[in-house]
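Subject: Handover of a structure and findings

Dear colleague,

Please find below the structure that I am passing on to you.

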Amino acid sequence: MLLIRGRVGGTGLTGTLYERGERAPSYRGAPDESAPYTWVCDGFYEVESGGQRQQIDGRELHIAFEEPLPRGFETKDRAIEAAKEFLRTQFARLGVAESDVEIEVLAADDVE
């Protein structure tokens, strides 16, 4: 299992990549169990009011979260690239340049 995290201005979003042989979550909308790699991560977007308050690059935003977006992939490289693209896109929805998003890929065992 890998954790793939995007960070900008003190805020991070982390998703999970389940690897070949690991049991990915099963719930309505989860990808076909035969996919060897499964990426799961919440999406988010800015709302006028309500939601959760977040500080990003000195701006206070109200953020609403979407249900996790599970996606299945045939290769690990494609899954990681799609995860990175997904994370950059979430921050871009808040007006953050995709190039400003720092991405890290961590083995779940390495995270405290």
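Lysine 76 is partly exposed, because its relative accessibility is 33%. Please bear in mind that this value, like those below, comes from a predicted model. The side chain of lysine 76 meets that of glutamate 19 in a salt bridge, with 2.9 Å from N to O. This pair links distant parts of the chain, since lysine 76 belongs to helix 1 (residues 76-92) and glutamate 19 to the loop between strand 2 (11-18) and strand 3 (37-40), 57 residues apart. Glutamate 19, at 17% relative accessibility, counts as buried; the cut-off for that class is under 20%.

The structure has 5 salt bridges by the rule applied here. One of them joins glutamate 104 to arginine 5, whose closest N and O atoms are 3.2 Å apart.

Arginine 5 is buried, with a relative accessible area of 15%. Arginine 7 counts as partly exposed at 40% relative accessibility, and glutamate 104 is partly exposed with a relative accessible area of 27%.

The nonpolar core

Which residues have the most contacts inside the largest nonpolar core? They are Ile4, Leu17, Trp39, Leu87 and Phe91, in a core of 23 residues. At least two residues of this core are supplied by each of strand 1, strand 2, strand 3, strand 6 (59-65) and helix 1. Helix 1 provides the largest share, 7 residues.

Leucine 17 gives a view of these surroundings. Beyond its neighbours within four places in sequence, leucine 17 is in contact with Met1, Leu2, Ile4, Glu22, Tyr37, Thr38, Trp39, Ala79 and Ile80. Threonine 16 lies in strand 2 and is buried, with a relative accessible area of 16%. When neighbours within four places in sequence are again left aside, the contacts of threonine 16 are Met1, Leu2, Leu3, Thr38, Trp39 and Val40. As a separate reference distance, the C-alpha atoms of threonine 16 and aspartate 57 are separated by 25 Å, and these residues are 41 residues apart along the chain.

Aromatic pairs

A search of the whole structure gives 3 aromatic pairs. In one of these, the ring centres of tryptophan 39 and phenylalanine 86 are 6.2 Å apart and the planes stand at 70°, so the arrangement is edge-to-face. Tryptophan 39 is in strand 3 and phenylalanine 86 is in helix 1, so the pair ties together parts that are 47 residues apart in sequence. Both tryptophan 39 and phenylalanine 86 are buried.

The rings of phenylalanine 44 and phenylalanine 91 have their centres 5.4 Å apart and their planes at 80°, so this pair is edge-to-face. It links distant parts of the chain, with phenylalanine 44 in strand 4 (residues 44-47) and phenylalanine 91 in helix 1, 47 residues apart. Phenylalanine 44 and phenylalanine 91 are both buried. Together with Phe65, Phe44 and Phe91 form one aromatic cluster.

Strand 4 and strand 6 pair in the antiparallel sense over 4 bridges. They belong to an open sheet of 3 strands in the order 4-6-5, with antiparallel pairing. Strand 4 and strand 5 (52-56) are at the edges and have a single partner strand each, so one side of each is left without a neighbour in the sheet. From one strand to the next, the twist averages 50°.

With kind regards

Methods. Residues numbered from 1 in each chain as written. Heavy atoms only, no water. Salt bridge = Lys/Arg side-chain N within 4 Å of Asp/Glu carboxyl O. Buried < 20%, exposed > 50% of the residue type's maximum accessible area, 1.4 Å probe, protein only. Core = buried A, V, L, I, M, F, W, Y, C linked by side-chain atoms within 4.5 Å. Contact = heavy atoms within 4.5 Å. Phe/Tyr/Trp six-rings, centres within 6.5 Å; stacked < 30°, edge-to-face > 60°. Pairing = 2+ DSSP bridges. Axes fitted to C-alpha atoms, helices over the stretch in contact; angles between N-to-C directions.
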